[in-house]
Every structure is written in C-alpha cells, then in structure tokens.
Amino acid sequence: MMKTMRSHSRATVSLFVIGVLFPVDAMAQSISVAPPVAELPGMGRAIEIDATRARRQALTERTGQGIIAIPAATSRDLESEVLQDNDFRQDDYFFYLTGLESPDAWLVMAVHPSGTVELHLFLPERNPQMEQWTGRKLGPGPDAIRLTGIPNVHPLDSLDRALFALQRTVPGPLFTPLYAGTAENERIDRWLQAGVGVDVRSVVPVLDSMRLVKDDAEMVRQRRAIDITVEAQRAAMQAIEPGMFEYQIEAIIEYTFRSMGADRVGFPSIIGSGPNSTTLHYDTNRRQTQPGDLVVMDIGAEYGQYSADVTRTVPVEGRFTDRQKAIYRLVLGAQQAAIDATRPGITIGELTRIARAYLERNSGDLCGASTCNRYFIHGLSHWLGMRVHDVGDYSTPLAAGMVLTIEPGIYIEAEQLGIRIEDDILVTDNGAEILSAGAPRSVEEIEALMAGRLVP
Ligand SMILES: [Mn+2]
C-alpha cells in the first residue's frame, strides 16, 4: 500500500518533468511482472502478462497461418449516448488476449508460414485536452509495451496501413470476431473492399472453446467475484426482516459488492419476494416484503471482468414454514445430486437428467398428483466466466477447469412459492468444488445465520 502511494505521486511529478509516466524504480522491473495499470488513474488492474501471452499462443496454434484481428470495445460518450450506466467495459475477447482495459484499441497477430507470430497492439494517441474530461489513457509508447508484454505498439491511425502491409507477407485467412453492425465491423468491411483477408473467418468458436477452461489467472478473478457475492448473500441474510423493501435488500447486496472492490454487477440483481419469487428474472425490486414471504436473491458481482452468479432463497422472518422447508429440501437434494455427479466427462444434459430424476423420485405428494419436476421450468446450468451466461458449446463434456452454475428451482405461482438454489461449481480432476460454499445453503445454516448465530 505504501509503495503504491509513493510510486503514484512520483509518477505524477515525472509526467510533467520528463514526460515519462513511471518512476525509474518501476521501469527497472522485469517485463513479466508489470506494475499494476492502476498506477495510471482509472486504467484498471495489473495485467497478467504470462497468462495473456499463453492464451495468445494457444490461439495462434489453433488458427494456424493467417492474421488475427481483435478489436477492443469502443469508448462511450456520456453526453451523446446519455447512458445511465456509462462506465466502460472492455470487450471480453480483447481482454482475454491482452488484459488491457483501454478503449478503441486493436490487437493484431500475424502467424507467418514459418510459424513465427508477430504481435501488434494499436492504441489511440493520447489527447491531453480530452483526458481532462475522461481521464488519462494509455497511449502508444514504451509504457504500453512494458505493461502489456506486447512488443510492438503503434498509434491506431496506422492500423489500416499496417494490416495491408501484413497481408502482403502473411498469406492465409483473416480471423476476427465479426460483430455484425458495429463500427469495428465497418472497419473490417473497408479492409475487405481494399483486398485484405479475402478469406474472412470468425475466430469466435475457437476463442469460446478456449474460454471454457479457465487458467490460473482467470480463476483468481473468478474466485474473487464469487467470494464477494457470498459475502453479499451473508450480509443480506443477516439484515432481512419483514417490512423491508426489495430495493433495501438490493442496496445491502450492492453496497457489499462495491465496498469489497467489485467493478459492477454481473447482471441486474434479482430480489423477488412473495409473489415475485416465482418470476425468474424479476429485477424491479420495489415490493415491500410481508411476513411469511420467501425472498429469492439471485445476484452476482463482477470483479476484474469475471462475474459470479449465486442464488439463495430465504424466509423473510428467518424461519421457514413446514411447507417451505419441505420444498426447499427437495430443491436442495436435486442440486446436491447434480453436484455429486459433476466430474470430467459428464455433460450438462446428463446433470439435468440427474436433477430431474431426483425431483421425480422424491416429490412424494408435495406437488399433488404430478411430481414437482413440472415446476422446475428452466435449465439446470450455464457456463460462468466473463459473461454470467458465458460462451461455449453446451454439449461439451465437462473438463477440469470449467466453471458452471447448478441451479434447480421450483416455482408454484398459486402459492407465491418460488425457491431457487444456485451455486458456482469448478470442475476438478476427479469431481467438483463448490466455489460459493460460503453462502449458507441448508435450512439449518440459513436459519442460524438469520437468527444471528455464527455460521462458518
Ligand atoms: Mn444463473
């Protein structure tokens, strides 16, 4: 902490004196341990240079010869876009391959016939007048090289020229994400009209399959997002009482997110009480809770570009009724059956059949003539990562390093009774780890925490 403060103040001084953004002691560090980008105000977190390099290498090994062009997200303008939530969020593919939070940048990788890979990063030139309004940006120059580990950094306005030059020496397809109808895509269209990359292919399927398996650096961020979300669940459980408005519960949750360093919500917080507990994506959060209500809290903090997604359902009075308890334990049993079956090789489809079979076998007469399975009206699982419903093919058999949610639910509208239990699960070499295990999950644990008794 002390060191960061000192470096920051010295960097500010040197900016004016010698035009260098970082003090000499930081410059002397090895290139593989870049100082946090946070040294530049508003610029984000440290880039994991070794991890991003390994991802780029894995990508070029899979595409083979050709040129790969990945755009950053474009900057947003508060005044013309009039956005209520105007903070910049980097494009996931660009972030995955660079760790960089700069807007309007491009990453270009050229895989030569020899196998040699050329790396180029294009950044907008800094604009001191604009920076007074929108904050300091990372411009082309030695700092960008040091912070990203990418050896060639150029001004953005040389991108088209550089690409035409590369195209003459690197035969093969142009791999790019191909976002329809975007400014980035217009740029690609211009390249095509100019004869660049006649064979254009989407790089999305390759990147999506890579993103399914998280590396160590990703898991640090993923775990942090989940840990923060677990704390928010616990804070909400300790605060809830009848008469609270849903938005007050939401406020406790999102206060916890931000006070623990989350960047934003991974998705709008769902706080559904009473009748709203049976609305799957209810996020209006304006109702006043009543005695006897259940409250479904489906929430996820985003930290370092990774989102959590954890749901707990609690009785607003701190004690479940017998009926609520019986349904709750049925949902929990179905979830546990799926978690117990989670291991490399199994598919989400098979886990879903296991959870549904559990409901079929164990419903008794809880749901009348039919089993409670008919009230489980959504999917069991989704991939989790940079997007809350993350990219990747849902038929892919699980492998170690994948992260998914397991979230059965039963929704009986006539009784205003909705129960969903959702945890974030890491597939390990021989099973699964419940990453969100810190959020009380059993009837007994929830009631104990809500009664003010300590639950580890
Ligand atoms: Mn979910």
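What spacing do the donors of the manganese ion follow along the chain?

Analyst: This is a predicted model. Along the chain, the donors of the manganese ion follow the spacing D-x72-H-x24-E-x14-E. The protein donors are D309, H382, E407 and E422. D309 gives OD, and H382 gives NE2. E407 and E422 each give OE. These donors lie 2.0 to 2.3 Å from the manganese ion.

Take D309 and H382 next. This pair links distant parts of the chain, 73 residues apart. D309 sits in the loop between β11 (306–307) and β12 (310–315). H382 sits in the loop between α14 (348–362) and β13. Are they buried or exposed? Both D309 and H382 are buried.

Now follow the chain to β13, which spans 403–406. β13 belongs to an open sheet of three strands, in the order β13-β16-β17. The pairing in this sheet is antiparallel. Strands β13 and β17 (432–434) stand at the edges, and each has a single partner strand, so one side of each has no neighbour in the sheet. On average, neighbouring strands here are turned by 35° against each other, direction ignored.

Look at one pairing in detail. β13 pairs with β16 (residues 423–427) over four bridges, in the antiparallel sense. Within it, I406 stands opposite D423 of β16. In general, strands of a sheet pair through backbone hydrogen bonds.

Key:
Residues are numbered from 1 along each chain as its sequence is written. This is a predicted model: local features need pLDDT of at least 70, side-chain atom pairs count only at pLDDT 80 or more; totals for chains, interfaces and linings use all residues. Side-chain values use heavy atoms; hydrogens and water are left out. Two strands pair if DSSP finds at least two bridges between them. Helices (H or I, at least four residues) and strands (E, at least two) are DSSP runs, numbered from the N terminus. Axes are lines fitted to C-alpha atoms, for helices over the stretch in contact, and angles run from 0 to 180 degrees between N-to-C directions. Donors are N, O and S atoms within 2.8 Å of the metal (3.2 Å for Na, K and Ca); water is not among the atoms, so sites may look incomplete. Buried means under 20% relative accessible area, exposed over 50%, partly exposed in between (1.4 Å probe, protein chains only).
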